Amino acid sequence: MVRAIRGAIQVDSDDRAAIIEGTTELVATLMERNQLTTDDVISVLFTATPDLTSEFPALAARKLGFHEVPLICCTEIDVPGALPRVVRLMAHVETDKPRSEIQHVYLRGAVALRQDIAQ
């Protein structure tokens with residue numbers, strides 16, 4: 001089955017190291033909690049809030065071995081009052097798990113975005 005898994009992390013600052021480190025933590029946690037390998041991943045969409053411009057979040061995934069996985073980065077809508085410095089992702093994966101067993105991953109300050117599903 002194909003499933004979509006969501007995730008987000010708030011990073012400390014708009015610098016290359018913070019974006020790579022935060023995105024690495026997000027991707028690695030999502031993969032671990034859902035017991036996935038890169039072969040299970042169909043594609044990943046990354047978004048970043050408009051205040052993050054120092055690096056593409058997808059670079060972190062490439063460094064984790066996502067060489068054959070299609071990745072794309074987009075800028076989120078600039079909504080007044082939105083949580084700053086957030087990288088989000090939506091990963092499309094192949095898994096036998098039912099939707100109820102999928103673990104969406106919201107880390108650091110991004111937990112506030114989806115307290116209903118954050119784990």
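Is serine 43 buried or exposed? Serine 43 counts as buried, because its relative accessibility is 18% and the cut-off for buried is under 20%. The model is predicted. The protein chain holds two helices and five strands. One cavity of 30 Å³ or more turns up in the count.

**Overall fold**

- Along the sequence, the elements of the protein chain run β-α-β-α-β-β-β.
- The radius of gyration of the protein chain is 13 Å, close to the 14 Å from the globule rule for 119 residues, so the chain is as compact as a globular protein of that length.
- A box of roughly 40 × 30 × 20 Å, taken along the principal axes, holds the C-alpha atoms of the protein chain.
- Buried residues make up 41% of the 119 in the protein chain.
- Take the contacts in the protein chain between residues at least 6 apart in sequence: 83% of them join residues at least 24 apart.
- The protein chain has an accessible surface of about 6,400 Å². Carbon and sulfur atoms account for 53% of that surface.

**The cavity**

- The largest cavity contains about 30 Å³ of space.
- Its lining consists of Val27, Leu30, Met31, Val44, Phe66, Leu89 and Ala91.
- Helix α1 (16–33) and strand β4 (86–94) each give at least two residues to the lining of the largest cavity.
- Helix α1 gives the largest share of that lining, three residues.
- By residue class, the lining of the largest cavity has seven nonpolar residues, no polar ones and no charged ones.

**Serine 43, in a strand**

- Serine 43 sits in strand β2, which covers residues 41–48.
- Beyond residues up to four places away in sequence, serine 43 touches Val69, Pro70, Met90, Ala91 and His92.
- One of these partners, Ala91, is also among the residues that line the largest cavity.

**Glutamate 25, in a helix**

- Glutamate 25 belongs to helix α1.
- Leaving out residues up to four places away in sequence, glutamate 25 touches Ile9, Leu107 and Arg108.
- Glutamate 25 and valine 79 lie 54 residues apart in sequence. In space, their C-alpha atoms are 25 Å apart.

**The loop between β2 and α2**

- Aspartate 51 is found in the loop between β2 and α2 (58–63).
- Its relative accessible area is 33%, so aspartate 51 is partly exposed.
- With neighbours within four places in sequence set aside, aspartate 51 is in contact with Asp14, Pro84 and Arg85.
- Aspartate 51 and aspartate 12 are 39 residues apart along the chain. Their C-alpha atoms are separated by 12 Å.
- Phenylalanine 56 also lies in the loop between β2 and α2.
- Phenylalanine 56 is exposed, because its relative accessible area is 57% and the cut-off for exposed is over 50%.
- Phenylalanine 56 is in contact with Ile20 and Cys73, leaving aside neighbours within four places in sequence.
- Phenylalanine 56 and arginine 108 are 52 residues apart along the chain. The separation of their C-alpha atoms is 20 Å.

- Glutamine 35 has a phi near 50 degrees, a positive value in a residue other than glycine.
- Glutamine 35 is in the loop between α1 and β2.
- Glutamine 35 counts as exposed, because its relative accessibility is 63%.
- Arginine 85 has a phi near 55 degrees, again a positive value in a residue other than glycine.
- Arginine 85 lies in the loop between β3 (71–75) and β4.
- The relative accessible area of arginine 85 is 27%, so this residue is partly exposed.
- Arginine 85 is one of the contacts of aspartate 51.

Key. Residues are numbered from 1 along each chain as its sequence is written. This is a predicted model: local features need pLDDT of at least 70, side-chain atom pairs count only at pLDDT 80 or more; totals for chains, interfaces and linings use all residues. Side-chain values use heavy atoms; hydrogens and water are left out. On a 1 Å grid over the protein atoms alone, a cavity is a set of points where a 1.4 Å probe fits but cannot get out, and a pocket is an open set with protein on both sides within 12 Å along at least five of seven lines; lining residues have an atom within 4 Å of a point. Grid points are joined across faces, edges and corners, and a volume is the space filled by probe spheres set on the points. Helices (H or I, at least four residues) and strands (E, at least two) are DSSP runs, numbered from the N terminus. Ala, Val, Leu, Ile, Met, Phe, Trp, Tyr, Cys and Pro count as nonpolar, Asp, Glu, Lys and Arg as charged, and the others, Gly among them, as polar. The radius of gyration is taken over C-alpha atoms; the globule rule is 2.2 Å times the number of residues to the power 0.38. Buried means under 20% relative accessible area, exposed over 50%, partly exposed in between (1.4 Å probe, protein chains only). Contact means heavy atoms within 4.5 Å. Accessible areas come from the Shrake-Rupley method with a 1.4 Å probe; for residues, only the protein chains shown count as cover.
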